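This report goes through selected features of one protein structure. The sequence and the structure come before the text.

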Amino acid sequence: DAYPRSFVRFEGVEIRNYLGAAVYLKGYHDPGTEDLQIVNNYIHHNGGDAITLRGEGERNALIENNEIYANGTTAISVGGGSGHIIRGNNIHYNGKDGVRGGGDSLLIEYNVMYDQFHTDQHQDALDLEWITNSVIRYNTISDFTQLIYGGLPPGEPTRNWENLEIYGNTLYNNRYWSVKGGESQGIFIDQRFIAEAQMKNIKIHSNTFGWTGYGAIWLYSQSASQISGIAIYNNIFTDKGPDVTGNGSGITSNYN
C-alpha cells in the first residue's frame, strides 16, 4: 500500500505538556498518509508544533474544530501535500505561526485565529510559502505580526502563489496595536527573494480589513513579469487600502 497509515480519525483527545510536536503525521521513511482526520481535540502547552503534516506525500487530511493554544511553535505546519482541509479551528497564543507551509488544493476556512504576537518568532496567522489551486475563506484573523503572508525565503526552490481565491475573511488588529504599537499587513504576497516565482490568477474579494496599520493588501515583486491576473474587488477597507509595492502589472482593483 502506497499510503500505509490511512483512513484514521483522531478525535476528542487532550494533548498537553509534551516536549515536541503533539501530533506528527508521517515518519521519516514512510511514503505518506491519506485521509487522516484530526478533529475536536484540545492541544495545548506542548514544546513544538501542535500538528505537523511533515512531507509532500500526504493527501486529504482533515484538521477540524481543534482548540490549539500555547504551544511552543506553530499551531498547524503543512509541509506540502494536497487536498488538505483546515477548518473551524480555534488558534491562539502559540509561539510561532498559526498555519505555516504550503500545498496544492488546500481549503482553509472558518478558523478563528487571534492574540499571537507575544514572542520574537515573527508570528504570522497564515505563513504560506507556496500555495496553488486553493481557497482561503471565512476566517477571522486578528492580532498577529502579519495576518496572511506568502513568500519563499532565499534559497528555496521556485514555487508560485497561483490559482487562488481569498474571500469572506475578516482581518484586523486590536490588541497588537494597543499593547505593542504594532502594525500588520492584511494580505502580503512577497516575491522579493525568488526572481522566478510568480503571483498569478488570484482573486481577493469580499473581505473586510480593519486597522491593519500597513497597507491592507501588499503585492511586492522584483519585476512586473512576476504578477499577472490579480483581481481585487468588493472588499471593505478601514484605515488602509491596497498598496502595490515594487513593480506590478496585471492587477485590477474595482468596487472596493
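Asn173 sits in the loop between β21 (170-172) and α1; helices (H or I, at least four residues) and strands (E, at least two) are DSSP runs, numbered from the N terminus. The model is predicted, so local features need pLDDT of at least 70 and side-chain atom pairs count only at pLDDT 80 or more, while totals for chains, interfaces and linings use all residues. Residues are numbered from 1 along each chain as its sequence is written, and side-chain values use heavy atoms, with hydrogens and water left out.

Asn173 counts as buried because its relative accessibility is 5%; buried means under 20% relative accessible area, exposed over 50%, and partly exposed in between (1.4 Å probe, protein chains only). A polar atom of the Asn173 side chain lies 3.4 Å from the backbone oxygen of Thr212. Contact means heavy atoms within 4.5 Å. Leaving aside neighbours within four places in sequence, the residues in contact with Asn173 include Ser142, Asp143, Phe144, Glu183, Trp211 and Thr212.

## Parallel strands

Strand β13 (residues 90-92) and β16 run parallel and are joined by three bridges; two strands pair if DSSP finds at least two bridges between them. In this pairing, Ile91 stands opposite Met113 in β16.

β16 is also joined to β18. Those two strands run parallel, with four bridges, and Tyr114 stands opposite Ser142 in β18. In a regular strand the side chains alternate between the two faces of the sheet.

## The largest nonpolar core

Which residues have the most contacts inside the largest nonpolar core? They are Ile51, Ile76, Leu126, Ile141 and Trp161, in a core of 47 residues. Strand β17 (residues 124-137) gives the most to this core, with five residues. A nonpolar core is a set of buried Ala, Val, Leu, Ile, Met, Phe, Trp, Tyr and Cys residues joined through side-chain atoms within 4.5 Å. In soluble globular proteins, nonpolar side chains tend to be buried together.

Leu126 touches Val99, Ile108, Met113, Ile136, Ile141, Leu147, Ile148 and Tyr149, not counting residues up to four places away in sequence.

## Aromatic pairs

A search of the whole structure finds eight aromatic pairs. Rings of Phe, Tyr and Trp (its six-membered ring) pair if their centres lie within 6.5 Å; planes under 30 degrees apart count as stacked, over 60 as edge-to-face and the rest as tilted. The pair of Phe117 and Tyr176 is tilted, because the planes of the rings are at 45°, with the centres 5.2 Å apart. This pair links distant parts of the chain, 59 residues apart: Phe117 is in the loop between β16 (112-116) and β17, and Tyr176 is in helix α1 (residues 175-180). Phe117 is buried, with a relative accessible area of 6%, and Tyr176 counts as buried at 11%.

Tyr138 and Tyr167 form an edge-to-face pair, 5.4 Å centre to centre with 85° between the planes. Tyr138 lies in the loop between β17 and β18 (140-144) and Tyr167 in strand β20 (residues 161-167), so the pair ties together parts that are 29 residues apart in sequence. Are these two residues buried or exposed? Tyr138 counts as partly exposed at 34% relative accessibility, whereas Tyr167 is buried at 14%. Tyr149, Phe188, Tyr214 and Trp218 form one aromatic cluster.

## Two loop residues

Asn66 is found in the loop between β9 (62-64) and β10 (67-69). This residue counts as buried because its relative accessibility is 1%. Asn66 and Val39 are 27 residues apart in sequence, and their C-alpha atoms are 6.0 Å apart in space. Beyond neighbours within four places in sequence, Asn66 is in contact with residues including Ile38, Val39, Ile51, Gly88 and Asn90.

Arg54 lies in the loop between β8 (51-53) and β9 and is partly exposed, with a relative accessible area of 33%.

## Positive phi angles

Asp35 is not a glycine, yet has a positive phi of about 55°. Asp35 lies in the loop between β5 (33-34) and β6 (37-39) and is partly exposed at 24%.

Asn133 has a positive phi of about 50° and is not a glycine either. Asn133 belongs to strand β17 and counts as partly exposed at 41% relative accessibility.

Conventions: A polar contact is a pair of N or O atoms within 3.5 Å; within protein, one must be able to donate a hydrogen and the other to accept it, and residues adjacent in sequence count only if both atoms are side-chain atoms.
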